[in-house]
Amino acid sequence: MPAADQEREKLLFVCTFNLSRSRTAEVLLIGHSSYEVRSAGTHVGARVGVTAELVAWADRILVMEDHHAEFLRTRFPQHLVDKPLVALGIPDDYQPMADDLFAILRERLASHLTLGSGAES
């Protein structure tokens, strides 16, 4: 975890349409003292589409399903060198900002991030 005088770690959350899963993950961590967060989707019709600039910006990328990781590896291989890419295994079965989606995000993120008191929840 970065010290107070260091930059916050930049996290990019990715799902398909950037409406439910990745957007909810972004909202979960907005205002966290250790992380700067953004989210995007892989589909051409995504709310915010994933771009080379977003992938390059991120220190770590967390995707909801394996096929999102494959999309990024295929489209942006040069930006993924030595960059952690984590698949959380969260299917597209949730409504945006739903309590059960926040719960599974907290559960799956717990082994990858320090959620603690710095997260707004």
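Mentor: Gladly! Let us start with the surface: the protein chain has an accessible surface of about 6,300 Å², and carbon and sulfur atoms hold 49% of that. Keep in mind that this is a predicted model.

Trainee: What makes the radius of gyration of the protein chain agree with a compact globule?

Mentor: For 121 residues, a compact globule would have a radius near 14 Å, and the protein chain has 13 Å, which agrees. The C-alpha atoms fill a box of roughly 35 × 30 × 20 Å along the principal axes.

Trainee: Which pattern do the helices and strands follow along the sequence?

Mentor: The protein chain has four helices and four strands, and their order is β-α-β-α-β-α-β-α. Among contacts with a separation of 6 or more, 67% join residues 24 or more positions apart.

Trainee: How many of the residues are buried, as a percentage?

Mentor: Of the 121 residues in the protein chain, 46% are buried, and the cut-off for that word is under 20% relative accessible area.

Trainee: What makes a set of residues a nonpolar core?

Mentor: The members must be buried residues of the nonpolar kinds, joined through side-chain atoms within 4.5 Å. The largest such core here has 22 residues, and Phe13, Leu29 and Leu109 have the most contacts inside it. At least two residues come from each of β1 (9-15), α1 (21-29), β2 (35-41) and α4 (99-109). The most come from α4, which gives five.

Trainee: Which residues is Phe13 in contact with, beyond its neighbours within four places in sequence?

Mentor: Its partners include Ser22, Ala25, Glu26 and Leu29, together with Val37, Ala40, Leu62, Met64, Leu109 and Leu113. There is also a second, separate core of 14 residues, with Val14, Ile61, Ala69 and Leu72 among them.

Trainee: How do you know whether Asn18 is buried or exposed?

Mentor: Its relative accessibility is 0%, and buried means under 20%, so Asn18 counts as buried. Asn18 lies in the loop between β1 and α1. Its phi is positive, about 55 degrees, although Asn18 is not a glycine.

Trainee: And Asp82, is that residue buried or exposed?

Mentor: Asp82 has 77% relative accessibility. Exposed means over 50%, so Asp82 counts as exposed. The loop between α3 and β4 (85-87) holds Asp82, and its phi is positive too, near 60 degrees, in a residue other than glycine.

Trainee: What makes Val44 exposed?

Mentor: The relative accessible area of Val44 is 82%, to be set against the cut-off of over 50%. Val44 sits in the loop between β2 and α2 (52-57). Its C-alpha is 15 Å from that of Leu54, ten residues apart in sequence.

Definitions and conventions:
Residues are numbered from 1 along each chain as its sequence is written. This is a predicted model: local features need pLDDT of at least 70, side-chain atom pairs count only at pLDDT 80 or more; totals for chains, interfaces and linings use all residues. Side-chain values use heavy atoms; hydrogens and water are left out. The radius of gyration is taken over C-alpha atoms; the globule rule is 2.2 Å times the number of residues to the power 0.38. Buried means under 20% relative accessible area, exposed over 50%, partly exposed in between (1.4 Å probe, protein chains only). Contact means heavy atoms within 4.5 Å. Accessible areas come from the Shrake-Rupley method with a 1.4 Å probe; for residues, only the protein chains shown count as cover.
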